[in-house]
Amino acid sequence: IVLSHQPLYPDSSNAVCLAWNYDEILDLLKEYSDTVIASFSGHAHRGGYKRCEDSGIHFRVFEAALESPDPIKTYALVDVYDDRIEVRGSGDCESALYFLDHMK
C-alpha cells in the first residue's frame, strides 16, 4: 500500500490536488501492479475513489477529519486480507470494500 499526502490518480479527486508528477508516479506503480494493491492519500478534504482499469490498483482519498464539526470524530480503520481491503469508516469517513482480484 502506497501512502502519500497528495492524491496520485486523476478522477480520484479534484485535479488541482494531484501530485505535480502524478503521471510519472503512475507509470512506476503500473510496473509494480503485481505488488501494489492500493494507494491511500489525503489532501483533497472531500475524499474520493477511483480504480485504475489498467493496473487494478485502488486509489482512495480519505475524508479530512478537520472538516467534521464537533462532536463528530472522523477516522478510518483499514483491514487488509488476502483477497480484499476493508475500510471501516467512522464519522464523515465512508466505509468501503476493495477486492484484490488484480493480484491473482
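This is a predicted model: local features need pLDDT of at least 70, side-chain atom pairs count only at pLDDT 80 or more; totals for chains, interfaces and linings use all residues.
I began with the surface: the protein exposes about 6400 Å², and carbon and sulfur atoms supply 51% of it. The areas come from the Shrake-Rupley method with a 1.4 Å probe, and for residues only the protein chains shown count as cover.

Residues are numbered from 1 along each chain as its sequence is written, and side-chain values use heavy atoms, with hydrogens and water left out.

**Overall build**

From the N terminus on, the elements run β-α-β-β-β-β-β-β. The radius of gyration is 14 Å, close to the 13 Å that the globule rule gives for 104 residues, so the protein is as compact as a globular protein of that length. Here the radius is taken over C-alpha atoms, and the rule is 2.2 Å times the number of residues to the power 0.38. Along the principal axes, the C-alpha atoms fill a box of roughly 45 × 30 × 15 Å. Buried residues make up 39% of the 104 residues; buried means under 20% relative accessible area, exposed over 50%, and partly exposed in between, with a 1.4 Å probe and protein chains only.

**The four-stranded sheet**

Next I traced an open sheet of four strands in the order E1-E2-E4-E3, with mixed pairing. Two strands pair if DSSP finds at least two bridges between them. E1 (2-4) and E3 (48-51) stand at the edges with a single partner strand each, so one side of each is left without a neighbour in the sheet. E1 and E2 (residues 38-41) pair in the parallel sense over three bridges, and Val2 has Ser39 of E2 as its bridge partner. E3 and E4 (residues 58-61) run antiparallel, joined by four bridges; Gly48 is bridged to Val61 in E4. Their hairpin has six residues between the strands, and there I noted Gly56 with a positive phi near 85°.

**The three-stranded sheet**

I then turned to the open sheet E5-E6-E7, whose pairing is antiparallel. Its edge strands are E5 (75-80) and E7, each pairing on one side only. Six bridges join E5 to E6, and Val78 stands opposite Val87 in E6.

**Cores**

Which residues make up the largest nonpolar core? I listed 10 in all: Ile37, Ala38, Phe40, Phe62, Ile85, Val87, Cys93, Ala96, Tyr98 and Leu100. Such a core is a set of buried Ala, Val, Leu, Ile, Met, Phe, Trp, Tyr and Cys residues joined through side-chain atoms within 4.5 Å. E2, E6 (84-90) and E7 (96-99) each supply at least two residues of this core. A second, separate core of nine residues includes Ala19, Val36, Ile57 and Phe59.

Leaving out residues up to four places away in sequence, I found that Phe62 touches Phe40, Ser41, Gly42, Ala44, Gly47, Ala76, Val78, Val87 and Cys93; contact means heavy atoms within 4.5 Å.

Leu97 lies in strand E7. Is Leu97 buried or partly exposed? Its relative accessible area is 43%, which makes Leu97 partly exposed. Beyond its neighbours within four places in sequence, Leu97 is in contact with Arg84, Ile85 and Glu86.
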